[in-house]
Amino acid sequence: MSADLLLHATLTVTGAREQLPAVDARIKALLVEEIYVGEFEEHHGDDALSYDFKVHGGIPFPAFAAASQEFPELVITAEWVNVAAGRSGRAQLSNGSITQRTED
């Protein structure tokens, strides 16, 4: 994927409600270490955490994979659209591994 292509991705964390504050703090700490070009917004609720990215080049997926491994009871769902490339997809992470993946 070319670095100048814009990717819109939403990553949603669901599962044990009492673990959400801790995983949110861990994801933020891991994102500080990631290099990505773009922006993200948070849209958190009582039952889920949602991170909305508009980035060039790719999703900062390693941060979410690491958090998933550290919080194996939680599920992270990633949905993305790359309009310029005409592609979209969805993946689920659990315990640090991709458990489902589809791409159009």
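Predicted model: local features only at pLDDT ≥ 70, side-chain atom pairs only at ≥ 80, totals over all residues.
## An aromatic cluster

Y36 has a relative accessibility of 24% and therefore counts as partly exposed.

The structure holds five aromatic pairs. A pair of aromatic rings is described by the distance of the centres and the angle of the planes. Y36 and F53 form one of the pairs, in an edge-to-face arrangement with 5.9 Å from centre to centre and 80° between the planes. This pair links distant parts of the chain, since Y36 lies in the loop between α1 and β2 while F53 lies in strand β3, 17 residues apart. Y51 and F64 form another edge-to-face pair, with 5.4 Å between the centres and 70° between the planes. Here, too, distant parts of the chain are linked: Y51 belongs to strand β3 and F64 to helix α2, 13 residues apart. Y51 and F64 are both buried. Through ring pairs, Y36, F40, Y51, F53 and F64 are linked into a cluster.

## The sheet

The strands form an open sheet of six, in the order β2-β3-β1-β4-β5-β6, and their pairing is antiparallel. Strands β2 (37-42) and β6 stand at the edges; each has a single partner strand, so one side of each is left without a neighbour in the sheet. From one strand to the next, the twist averages 15°.

Strand β1, residues 6-14, runs antiparallel to strand β4, residues 75-82, and seven bridges join the two. V75 has S94 as its bridge partner in β5. The two strands β4 and β5 form a hairpin with four residues between them, and G86 in the turn has a positive phi of about 65°.

## Two helices and their contact

Two packed helices are described by the angle between their axes and the distance between the axes. For α1 and α2, the angle is about 145° and the axes are 9 Å apart. The crossing of α1 and α2 is right-handed. On the α1 side, the contact is made by V23, R26, I27, L30 and L31; on the α2 side, it is made by A63, F64, A66, A67 and E70. Classified by residue type, this contact of α1 with α2 has eight nonpolar residues, no polar residues and two charged residues.

Which residues of α2 are buried? They are A63, F64, A65, A67 and S68. The cover over the buried residues of α2 includes β1, α1, β3, β4 and β5.

P72 is placed in the loop between α2 and β4. With a relative accessible area of 33%, P72 is partly exposed. Leaving aside residues up to four places away in sequence, P72 touches S94 and N95. S94, as noted, is the bridge partner of V75. The C-alpha atom of P72 is separated by 15 Å from that of P21, and these two residues are 51 residues apart along the chain.

N95 is found in the loop between β5 (87-94) and β6 (97-103). Is N95 buried or partly exposed? The relative accessible area of N95 is 44%, and N95 is therefore partly exposed. The phi of N95 is near 55°, which is a positive value in a residue other than glycine.

Note on methods:
Residues numbered from 1 in each chain as written. Heavy atoms only, no water. Buried < 20%, exposed > 50% of the residue type's maximum accessible area, 1.4 Å probe, protein only. Pairing = 2+ DSSP bridges. Axes fitted to C-alpha atoms, helices over the stretch in contact; angles between N-to-C directions. Contact = heavy atoms within 4.5 Å. Phe/Tyr/Trp six-rings, centres within 6.5 Å; stacked < 30°, edge-to-face > 60°. Left-handed = near helix turned anticlockwise from the far one by under 90°. Nonpolar A, V, L, I, M, F, W, Y, C, P; charged D, E, K, R; others polar.
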